[in-house]
Amino acid sequence: MKDAAPQTIYLNDYKVSPFLIEKTDLVFDLGEDQTRVTASLVVARNPDSEEQDGPLVLHGSEGLDLQSVHIDGQLLSADDYSRDSDSLTIKRLPHSCVVSTEVLIKPQLNTTMMGLYRSRSMYCTQCEAEGFRDITYYLDRPDVMSEFITKVIADRETYPVLLSNGNPIDLGDLDGGKHFVSWHDPFKKPAYLFALVAGTLAVVEDSFTTMSGRDIKLQIFVEEKDLDKCAHAMLSLKNSMRWDEQVYGREYDLDIFMIVAVDDFNMGAMENKGLNIFNTSAVLANPNTTTDASFQRVEAIVAHEYFHNWSGNRVTCRDWFQLSLKEGFTVYRDSQFSADMNSATVKRIEDASYLRTHQFAEDGGPMSHSVQPDSYMEINNFYTLTVYEKGSEVVGMIRTLMGPAAFRKGSDLYFDRHDGQAVTIEEFVRAMEDASGRDLTQFRRWYKQSGTPVLKVSSTYNAVAQTFTLDFEQSCPATPGQSDKHPFVIPVKLGLVGSEGTDLVLSADGETEIVYELTEANQTLVFNNIDQAPVPSLLRGLSAPVKLDYSYSTEQLAHLMANDTDGFNRWDASQTLCLGVLQQLTQDSLRDHPLVLDGQLIDAYGALLSDHSLDPAMVALMLQLPTEALLHEEAETIYATAIHDARSFVRTALAGSLADQFMAIYQRHNTQPAYAPDARQIGSRSLKNAALNYLMLVGDAGIELAWQQFKSADNMTDKAAALSALVNCPAAASYAEQALGEFELEYRDEALVMNLWLQIQATNTQPDGLARVRGLMEHSAFTMSNPNKLRSLIGAFCGANLVNFHNPDGSGYEFLQRQVIALNNQNPQVAARLVTPLTRWKQFAEPNAGLMRSALQAIADEPELVKDVLEIATKSL
């Protein structure tokens, strides 16, 4: 049903809740036709509120069938309260009382996957951000924190496992074949952290001894068939618990930590206190069914949700404008963890590449917003890359400016000062200031100003004076609602690379790398005693989320690519070198000029392939040319076909010129010990498969290698890589068809593997991509009701198969428009996220721009559009 007159919520309008809920007592009686929810709330007026005599207004939804309302045990008449579609208002309340409500809900009909719903044969919940109001009437806002006791009643045979937050305190049998389990969470939490699961589930158990000697029971609940896919998640959980104690001093607090794998889930996972609910794709892992990338994703998401126990649960956000307080900080923490568990350089490259390709695009698009937004219409639309990834970068810059010791002191102060509270970003920054003695007033602009800053740098070398001068100029483009920007604090980590490939000494202290703080629109930095013209290595490790504008020559980039001691900047030099070549070739393609590859690029990559001292994972990343998505982001006007053609040409030219070296690399890395998802093996496999992708472009040798790899692979990483290589190769059509059939036959009962099968075909860049996707929508492996399958097929085609999606005939846009409208009422969150590929229509050339706009307009004109989709469509138009 269409949201009636969606309202915009503003940060400046925040007021404390007039009421608090000291204790929440819930009883769920789960039934096949309906579920009865009884809520008893110990309510008191908030002494900090200016409203001391108003009514109690509880959040709700039109799906709640209200049966009764009691105050201190007395049944209220209909004259004592009023209801509308999203609230229950109770008049004339005393200063404190017990408010009890009883409602009936039908979770089996809930397709939005918010609140309480069914996933296959189990009940589960998703309450962040505002899903609890779909379960019962409540003060569903993050600054109302309460102690919870939850009793779950259900049929014993159908639902033998009954879970909720906290520790189990009681259980037993009831009449009629039912049973119950009661749970108590002693730590006050907002309603968005509530969780409930009921179903037939198997469990993998382990334990962890905390730094104070407490034994914690660890449980992962899955379907029986998935018991062999839990070991990696369990190991990741134990590593996370140990790491958080060692690095942040944070110890787990409850007696039990539970994870439940759910197949139908809108997100990756949810950090509900003591009972994390995970998308199956974020917890299940086995070498036979899971790729290296998914192994690492499981490790990172398990860590992220566990780290939320402190950065999100024990200390939560006051309101949803503070979302980055918990998400940005926790993304930074899980990135640190993943860097420590694997290769720090590779992790930084992956994070920065994702940021530049996707978050920078968000910064430059119609939905651009600051890390702390000023307003929103639908909060679910602000679970964004800006809040998460850019928010993480902002926390990382604080650590860079303060230093590791002061940052740890600041995080300790933040947790100790605000334990059990709902607080703001300002209180986080203030804790950092108080711990370090540093004034972060100007730095706060990173939270309030939207857009990606541009850092323009020029240099001058004076051979006579032996000085090297860097002139910095920072700016930030106008973004929606923000036309004037003030200078940021930008930490620029840098070094100077000499002609011999070593870092030059920058100071009397012998430093070869410094962090230079840029605070003004224009600043100059002069280095003395520099006896040669160096190549500046700027923004090492991407020390700030900015766009660098420095006129490197091809020779300078090749020099950094071969010699920079900073691994990230070594990779970045390769990307910048390729980016310039690709942009020129795109223009040549548009002008129908012959495409010719610069020999210096071939030489640079030849040298790269010859250097066996480098980390294979690093080489694999450098072999991945800038993606089409990044080329779209960097283009002033986007010509999707010309960009695709230019990139394909460069890959083919490199493959032809360096075929022998690619073959040697493939053979060198095509022998592996027993599979392990560790950094060394992952790097070796990634380089081997990168070489295979190049070999597919020249002759039949690559095709035969891919087919043999597909047939003999003992792990999903190699099998899926070979399948993708065959599917994307026009000359391998017969092999691809046979491989797809064999893959389907072998894995048809493995839902996550079949999602990968769908994704590989959805991202096939050969012509007629949309026709293939339409055909796959009729396949039994696909359903519109499962978010993972929607992302694997429709999301992958529209977001990653850019040359097919942006077909100039507009068929891809009309297709996406129809899918969004189909999902509008069924699953508003997924529908809203699918709209994104249409939102940057202004950057495209005609006829694409007009056709994209028409598709957006058709979505906006839909008569019963939910506010999730409406906000994105109207802002984009």
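Residues are numbered from 1 along each chain as its sequence is written, and side-chain values use heavy atoms, with hydrogens and water left out. In this predicted model, local features need pLDDT of at least 70 and side-chain atom pairs count only at pLDDT 80 or more, whereas totals for chains, interfaces and linings use all residues.

With a salt bridge taken as a side-chain nitrogen of Lys or Arg within 4 Å of a carboxyl oxygen of Asp or Glu, the count comes to 50 salt bridges. One of these joins Glu271 to Lys326, with the closest N and O atoms 2.8 Å apart. This pair links distant parts of the chain, since Glu271 lies in the loop between strand 20 (269-270) and strand 21 (275-279) and Lys326 in helix 3 (residues 323-341), 55 residues apart; helices (H or I, at least four residues) and strands (E, at least two) are DSSP runs, numbered from the N terminus. Both Glu271 and Lys326 are buried, a term that denotes under 20% relative accessible area, with exposed meaning over 50% and partly exposed in between (1.4 Å probe, protein chains only).

Lys189 and Asp185 likewise form a salt bridge, for which the closest N and O atoms are 3.0 Å apart, and both Lys189 and Asp185 are buried. Within helix 24 (residues 811-823), Glu814 and Arg818 are four residues apart, about one turn of the helix, and their side chains meet in a salt bridge of 3.0 Å, N to O. Glu814 is partly exposed, its relative accessible area being 38%. Finally, a network of salt bridges links Lys225, Asp226, Asp228, Lys229 and Glu750.
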